[in-house]
Amino acid sequence: MHPLDRKLLRDLWHLKGQVLAIAVVIATGVGVMVQSLGAIQSLQATADAYYERYRFADVFCHLKRAPKSLVPRIADIPGVQTVEPRIVEYATLDIAGFEEPATALLSSLPERGKPLLNQLALQSGRLVDPAKPEEVVVNEKFAVAQGLTLGDTVKAVINTQKRTLRIVGIALSPEHTYAIGPGALMPDDKRYAIFWMGERALAGAFDLDGAFNDVTLTLLPHTAPEGVIQRLDRILAPFGGSGAYARKDQISNWFLMSEIDQLSTMARLLPSIFLIVAAFLTNMVVDRLIATERGVIGLLKAFGYSDLEVGWHYMKLVMVIALIGVVFGSFLGAGLGQWTTSIYAQMYSFPFLLFRPLPDSFLIAGGLSLLAAMVGTASAVRRAVRLAPAEAMRPPAPPSFSRSYLAQTGLARLLDQPTRMIFRQVFRWPLRSGLTVIGIGMSVAVLIIALQWIDSINRMIDVYFVAAQRQDVTVSLTDIQPPSVLRDFENLPGVLAVEGQRNLDVRAHLGPRNKRLQINGLPARQGLYLAYDDEGGEIDLPPDGLVISTKLAEILGAKTGDLIELEVLEGQRPVVEVPVVRIFNTFIGYPAYMRREAVNRMMRETNVVNTVHMRIDPNKQAELFARLKDTPHVASVTLRQAAIDIFNETMAKTVLVFVGMFAGFASALAIGVVYNSARIALSERGRELATLRVIGFTRFEISYILLGQSLLLTVMALPVGCLIGNWLALSMAKSFDTELYRIPAVIEPSSFGYAMLVTLAAAAISALMVRRRLDRLDLIAVLKTRE
């Protein structure tokens, strides 16, 4: 073995504590990066394989009614590969033992064979028998949530007729990996189901024999969906087409792709924090090692080793430390990545999971870690290379100290001698102390980033579900109804207040930009469901004109006063121009509001509604729900409290888990920085501390001198970490600005407090580790050490 390699092994063993601390920090950064990249790659690979294997469609469109003779005309559109017409409608469910009404999306299955597109991944049972109209296949999550098994029956109101359906199969579908009911933000597996029925049964129930009201397409490779969508809309417009949309806008796939985008943001931001700190730590260790080995470097050069060989020796030391962290981090990241992917696989209802992180995720993480460590120590290695042998053999010139400003104040006289020594050591090395403060502060910042999610989500719930929504129940109707329907709902048991809404599906155009959206037509004075600005409170809707969210304004490039062209996707499909009269801020979605009367005028309707909000008496809730299960024209029933519970439950499954994980990462970061700082201080001041012991200082006093320095730096780091964390949280909130939601940059004082307490606890653990080493200090050996 080469002599320098033997020296390298001795140095690694001598610095094993510091090497381990640095490796832990590097491993944490590598782990976060490998976890995020692995989860991204695995989710994408799983989704791609699932979509391909079960033939997920490329284009979707719902309509009122069209004859099947129209299918060949659709198939002739250039670029279309496969066309599958079907029937899709809603039904209200009455499940034994479940008080609340549930909603089912009914989707038809062909009379013979499997569907051509959006095929089912049967988990148990079989497909329906066309000769038995009562048979259904149900999505797995609903079956599990309701405890339903093969052979169980469910009552459903299908087009005003109550029928008993029998479950013969339990399945998954690529079209419903994230099954969200009408108007919901998250899946509610107890209250929203997907039922697949025979086409003949659904056609008979909705008078669609020989017709269809929904169509899906796949496209030939390299075919842009936009041109196909335009032609499909022109064909289906006379048949009540509500506007076709591509796979990227399909709600389930859209949620999944948004999740992958968010993981990409995490993979960019968080690992960089750990790698920056790792570079700083390696610089501290190598710089100190070179300072103590000046004589050794001089001897090496005197014996003929070149500058390149000496520099490469210390660079190899850094590379070995980094490689240890990379190896541990790769295993950590692979484990965390598989665990994270399994959580998402359950959330998105995949029938299988392909956790196959590509080698590039490990190579990228490892390469960046090595680069960060080498860049961090480049200056220290450069000093070693530049040392001339004669100069290196001499001890370094002692630093020139002068009385600090603090020592000249009256405050210094109030401090005891050990405390003055602590302050003197910190302020005489401002750069080193400052870097240590920033390193510890980073651990506070990482925790604040994690805790900020809880604060932000609580803020979103308070605004969206509490301030803006004051109804208890929302009922979506199958079609527009006259205002008399509001009196019908008022007469239901337990109903205290009723408010009607007219929702309208449109495609908005402004210049070259367009967006499919829903306009919420609200009454002039809202009492239950409010047009709400997250910054300014309730919005007074003007008699005419459009009030849009900042996100929609950004998508369309709109500003107040612009005329937006609305292409209505229902009824007579008028095309009108409406001015933007106000732009407001919201955390969720991209809503647009108009007065209900203005929507009715635009559609040349009487005062009709298609959504009803109700405030109810909780004591009569059961009786109301029983009536709603039998009420005709009800497409879906949404409960506000259930939506809040589902939102909190879903967040608890993901956010709280990640907060705990990041608390561990932040603790590792704090321990690594504090331990290295204290160990370097012990190495530098070992002779000084031993001398103090000999002249009469107690073991507690020298521990206080050494560890008090770490404590002081930690306390100084807390406000710095809070400032960094606040800045990073603001930056991260901006990066999570999607069409689905915007994360408000809200950090409660308690979050700052928790972050500081965890960092202090981690610093205390590091101090105890160094204290044990200090207690075993060999005074005689240290005092014999040559200056």
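User: Which share of the contacts in the chain between residues at least 6 apart in sequence join residues at least 24 apart?

Analyst: The share is 83%. Keep in mind throughout that the model is predicted.

User: How many helices and strands does the secondary structure come to, and what percentage of the residues is buried?

Analyst: The chain holds 22 helices and 22 strands. Of its 787 residues, 55% are buried.

User: How should I read a nonpolar core, and which residues have the most contacts inside the largest one?

Analyst: The general idea comes first. Nonpolar side chains in soluble globular proteins tend to be buried together. In this structure the largest nonpolar core has 76 residues, and those with the most contacts inside it are Tyr178, Phe255, Tyr344, Tyr348, Phe350, Phe647 and Phe662. The elements that give two or more residues to this core are α2 (16-53), α7 (251-292), α9 (307-347), α14 (430-467), α19 (640-694) and α20 (699-735). The largest share comes from α14, with 16 residues.

User: Which residues does Phe647 touch, leaving aside those up to four places away in sequence?

Analyst: With those residues not counted, Phe647 touches Leu185, Met186, Ile457, Ile461 and Phe465. There is also a second, separate core of 31 residues, which includes Val19, Ile297, Ala322 and Ala365.

User: How many disulfides does the structure hold, and are Cys61 and Cys722 buried or exposed?

Analyst: The structure holds zero disulfides. Cys61 has a relative accessible area of 1% and is therefore buried, the cut-off being under 20%. Cys722, at 12%, is buried as well.

User: Which strands does β12 pair with?

Analyst: Strand β12 (residues 473-481) runs antiparallel to strand β21 (residues 609-616), and five bridges join them. Gln481 stands opposite Val609 in β21. β12 also pairs in the antiparallel sense with strand β22 (residues 634-639), over five bridges. In that pairing, Ser476 has Ser636 of β22 as its bridge partner.

User: Now the backbone angles. What is phi at Asn118 and at His222?

Analyst: Asn118 has a positive phi of about 50 degrees although it is not a glycine. His222, also not a glycine, has a positive phi of about 65 degrees.

User: Where do Asn118 and His222 sit, and is each buried or exposed?

Analyst: Asn118 is in the loop between β4 (102-109) and β5 (121-125). With a relative accessible area of 4%, Asn118 is buried. His222 lies in the loop between β10 and α6. At 87% relative accessibility, His222 counts as exposed, the cut-off being over 50%.

User: What surrounds Asn118?

Analyst: Not counting residues up to four places away in sequence, Asn118 touches Tyr54, Arg55, Phe56, Ala57, Phe60, Arg86, Ser173, Pro174, Glu175 and Thr216. A polar atom of the Asn118 side chain lies 3.1 Å from the backbone nitrogen of Ala57.

User: Finally, where is Glu748, and what separation do its C-alpha atom and that of Ile454 have?

Analyst: Glu748 is in the loop between α20 and α21 (749-775). Its relative accessible area of 37% makes Glu748 partly exposed. Glu748 and Ile454 are 294 residues apart along the chain, and their C-alpha atoms are separated by 9.4 Å.

Methods. Residues numbered from 1 in each chain as written. Predicted model: local features only at pLDDT ≥ 70, side-chain atom pairs only at ≥ 80, totals over all residues. Heavy atoms only, no water. Core = buried A, V, L, I, M, F, W, Y, C linked by side-chain atoms within 4.5 Å. Buried < 20%, exposed > 50% of the residue type's maximum accessible area, 1.4 Å probe, protein only. Helix = DSSP H or I, 4+ residues; strand = E, 2+ residues; numbered from the N terminus. Contact = heavy atoms within 4.5 Å. Disulfide = S-S within 2.5 Å. Polar contact = N/O pair within 3.5 Å; in protein donor to acceptor, adjacent residues only side chain to side chain. Pairing = 2+ DSSP bridges.
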